[in-house]
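Hi,

Have a look through it before you read on.

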Amino acid sequence: MFAVIKTGGKQYRVVANDVLKIEKIAGEVGDIVEIGYVLAHGEGDAVTIGAPFVDGASVTAEVVAQGRAATVIAFKKRRRQNSKRRRGHRQYETTVRIDEILLGGAKPAKKAAAKKEKVAEAEAAPAALADVAPKAKPAKAKAPKADVVDDISLISGVGPVLKEKLTEAGYGTLASISKLKKADIAKLDEELSLGGRVEREEWVAQAKELLAGKPPRAQIDKDAAAAKESE
């Protein structure tokens with residue numbers, strides 16, 4: 001049996017066990033979600049078409065992953081005006097696996113089973129931990145660490161405009177900048193036309209220093225210049 005569903009302003013023809021990417025819907029990995037907008041369903045030559053939707057029909061799906069689609073570049077240029085603009089966008093999307101096609105107001109079978117398994121695991125976990133886990137020794141008190149301000153504009157060379165572009169490209173945190181590899185840097189240079197600034201201005205090293213609680217390099221340079229003038 002197949003069904004034609006509508007979600008995120010698009011239509012999909014699906015059958016059980018199909019895996020597809022749709023516009024983002026709420027849910028964590030492993031959750032069962034219900035799509036109630038069924039435009040048609042059928043098997044073989046027998047097809048039922050809704051007006052616009054089929055009453056009592058729905059499709060259940062399991063959330064496989066939450067992520068973002070590939071970057072789409074929008075480039076606009078005005079002739080003879082010395083004006084051009086380049087922007088990137090990554091759409092949020094959800095990968096789902098079609099579970100059941102339900103007709104006549106039927107309820108999903110897998111949802112209840114998943115809930116029972118979670119309740120049983122939650123009840124069994126404390127008892128298992130009490131039997132297996134040894135008594136933990138009290139931990140020594142550690143001095144509290146200073147809070148790290150997660151702001152990529154603290155990196156020398158990253159201003160408000162560049163910060164916005166990096167955030168849209170998925171690199172809006174110090175942690176994401178600190179984990180950049182050579183392939184990621186090359187891709188970022190091409191998408192945002194950075195001209196090698198990531199490596200030239202040592203963004204990765206600066207991000208790691210900021211995460212470790214060190215002051216920004218711009219502040220260090222400013223303090224050094226002030227000390228030199230005072231001499």
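D151 and K163 meet through their side chains in a salt bridge, 3.0 Å from N to O. By salt bridge I mean a side-chain nitrogen of Lys or Arg within 4 Å of a carboxyl oxygen of Asp or Glu. D151 sits in the loop between α1 (109-132) and α2 (160-168), while K163 is in helix α2, twelve residues apart. Helices (H or I, at least four residues) and strands (E, at least two) are DSSP runs, numbered from the N terminus. D151 counts as buried at 19% relative accessibility, and K163 is partly exposed at 31%. Buried is under 20% relative accessible area, exposed is over 50%, and partly exposed is in between (1.4 Å probe, protein chains only).

A quick word on where this comes from: it's a predicted model, so local features need pLDDT of at least 70 and side-chain atom pairs count only at pLDDT 80 or more, while totals for chains, interfaces and linings use all residues. Residues are numbered from 1 along each chain as its sequence is written, and side-chain values use heavy atoms, leaving out hydrogens and water.

How many salt bridges does the rule give? The count is three.

Another one pairs E93 with K21, with the closest N and O atoms 3.8 Å apart. E93 is in strand β10 (residues 92-102) and K21 in strand β3, 72 residues apart. E93 is buried at 15%, whereas K21 is exposed at 53%.

Then there's E23 with K10, at 3.9 Å between the closest N and O atoms. E23 lies in strand β3 (residues 19-23) and K10 in strand β2 (residues 10-15), so this pair ties together parts 13 residues apart in sequence.

Cheers
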